[in-house]
Amino acid sequence: MSDRAARLRLQLGLALASLLLLMAGLAAGGDGWSLAALAELLRGPDAQLIVGQIRAPRSVGAWLAGGLLGLAGALAQGLFRNPLADPFLLGSASGASLAVVAVLAAGSLAGQGMLPIAGMLSQLGLAAAAFGGALGGVLLTLMLARGAQHTLRLLLAGVVVGVVLTGLSDLLTLAVPEALRGRQVFMLGSTGFLGWDSCLLLGLGLLCALPLARRLARTLDALVLGEDSARSLGLPLARLRLLLVGLLAAATGLAVSQTGLVAFVGLAAPHLVRRIAPGPHAYTLAASAAAGAVLLLAADVVARTLIAPQELPVGVLTAVLGGSYLLWLLNRQRES
Amino acid sequence: MTAPLRAEDLSVALGGTTVLHGVSVELRPGWTAIVGPNGAGKSTLLRALAGLLPRRAGQVWLQGRPLDDWGVRERARHIAWLAQQGQAQGDLTVRELVQLGRLPHLGLLGTAGAQDERAVDAAMQATECAAWSQRRLQQLSGGERQRCLLARALAVQAPVLLLDEPTTHLDPPHQVAVVRLLQRLGRQGTVVSVLHDLPLALQADRVLLLRSGRVVAEGAHDEVALHAALCAVFDDAVRIQRVGSRFSAIPNLQ
């Protein structure tokens, strides 16, 4: 099969999977999922509330958030030329987590009237805090690495920032144990809070990020040759890398602010694309976004229905499935 | 006539150690081979000439203008560079890789036109890699990959070509083919290549001999003084003797 045909088949497959999973997302409820139950629900008086305001935005939101994570994963793997790079590598996850814990702790302290500033901090919504925290974490990494010129320094700084900010989150949680429950929900990831306003934000984010990523795709292609060769082709790498890191941080931060930390989608989506129909970055970035969207939506449908009427945190499911996939991949590579 | 590329009193340090000490060279049209023992500073000189390394002192002049005065894309259109042990991994096909050579002309947003496609075709034909244009880089051997990387450098169609060990990983027939190609390119522009293989280097128009970051000798391939310097720098491990119309270096095993 030619490259073009393989890519076309993947695109069609992802489009079809998206449609089917969106339908499944609408049908998935407390009793598992069934189209007959959906048809009955749509005829009833609660259709607008349950389908229109809960299941539909949740499914669309999961698709969009997965798209942002898939795109961010492909950007990270292209930027670091490392197939194990994931969108949380530069401190965005730990930054978002710390900010969420800080707001939760502030809410608790403000309730007890303990710190005047806590009241102000608690007014900051969790989503805004997570977004700001993610960007703050990446900014700290950039400051530590003194810019984005050196990939290795950037990676090391990201690891250090991740460890330090996670440590601070732990410390804060120990000091204010009331924040523990909320932190746990955030760390496990959830699509349960997604409404139409979240969808609007995520959709706008994806609409802005995709064309920008496409414009930067040739930089990622050129980096395949190594940094010196890319520079010899007239690319202002320092500036372009900063743009790529900014885009990566914004896409990750936006997804995390709406769904919490959903693991492995950003790591697995580009892998899947490269495995089925590899190609240059202009195509891989868009296809990884679509694959991430499908993966997160699929995980959401399964998380809602696997032990219905209970729900599994979607991040747990993606971690288990994504981790198993990577183990399988490693094993396969060893065998070959 | 102004030399297309010229270094004046060039000093470069890597990791705090000075690798080039006040090197001054004029690289005129034709093919110049840079040779020298390991650690002589050959690749460092080539990278400094390409503007890829910060200089501790001195200046590089491209067509009579200081290198720093050139915009990065403008410079990239005038100097094509091939890395030593060039990397090329990932999911690009051979043709997509060679097309990257047109980036200095297109920028990040430009669309390749007929002229770009012709340049890519010509580069792939020159390095005999057109037959596997749709193969992926990971499916190529080291030698095949090296030829694709050379094609990528040729696709720039720059008047100055800086090639760091372009014959690495190649089998003898392809080494000879690359030498013929460099001789032909030397008649059209300025080609500078680092080579470890002295017999191949002696097929160049001129040879620049480095040792410990300094130019020891420079001359045409048939100059006796150059031959003497080569034998001395390589501790008499090679002998230079005439083979047909050219000279060649032969290992001195006695």
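Helices here are DSSP runs of H or I with at least four residues, strands are E runs of at least two, and both are numbered from the N terminus. What you have open is a predicted model, where local features need pLDDT of at least 70, side-chain atom pairs count only at pLDDT 80 or more, and totals for chains, interfaces and linings use all residues. Residues are numbered from 1 along each chain as its sequence is written, with chains lettered from A and ligands numbered from 1 in the order in which they are written.

**Stop 1: loops in chain B**

Select Glu128(B), in the loop between helix 5 (114-126) and helix 6 (142-154) of chain B. Check its backbone: phi is positive, about 55°, although Glu128(B) is not a glycine. Most residues other than glycine have a negative phi. Glu128(B) has 16 other C-beta atoms within 10 Å, so it counts as partly exposed (buried takes 20 or more other C-beta atoms within 10 Å of the residue's own, exposed 12 or fewer, partly exposed is in between, and C-beta atoms are placed from the backbone).

Now jump to Asp236(B), in the loop between helix 9 (224-233) and strand 11 (238-243) of chain B. Here too phi is positive, near 55°, in a residue other than glycine. Asp236(B) is exposed, with 11 other C-beta atoms within 10 Å.

**Stop 2**

Pick Ser24(B), in strand 2 (residues 17-27) of chain B. Is Ser24(B) buried or exposed? Exposed, because Ser24(B) has 12 other C-beta atoms within 10 Å. Leaving aside residues up to four places away in sequence, Ser24(B) touches Ala7(B), Glu8(B) and Asp9(B); contact means C-beta atoms, placed from the backbone, within 7 Å.

Next, Trp61(B), which sits in strand 4 (residues 57-62) of chain B. Trp61(B) is partly exposed, with 17 other C-beta atoms within 10 Å. Pro4(B) is 57 residues from Trp61(B) in sequence, yet 7.8 Å away C-alpha to C-alpha.

**Stop 3: across to chain A**

Show both chains: 20 residues of chain A are in contact with 23 residues of chain B. On the chain A side, helix 9 and helix 10 (227-232) are the elements that give two or more residues. Helix 9 of chain A gives the most, with five.

**Stop 4: chain A as a whole**

Chain A has 14 helices and two strands. Its C-alpha atoms fill a box of roughly 65 × 55 × 40 Å along the principal axes. Buried residues make up 53% of the 336 residues in chain A.

**Stop 5: a helix pair in chain A**

Select helix 3 (residues 47-79) and helix 9 (residues 196-223) of chain A, which pack at an angle of about 20° with axes 9 Å apart. Axes are lines fitted to C-alpha atoms, for helices over the stretch in contact, and angles run from 0 to 180 degrees between N-to-C directions. That makes helix 3 of chain A roughly parallel to helix 9 of chain A, a label for angles under 35 degrees. Among the residues that meet, look for Leu64(A) and Leu68(A) in helix 3 of chain A, and Leu202(A) and Leu206(A) in helix 9 of chain A.

Conventions:
Parallel < 35°, antiparallel > 145°, perpendicular 65-115°, else oblique. Contact = placed C-beta atoms within 7 Å.
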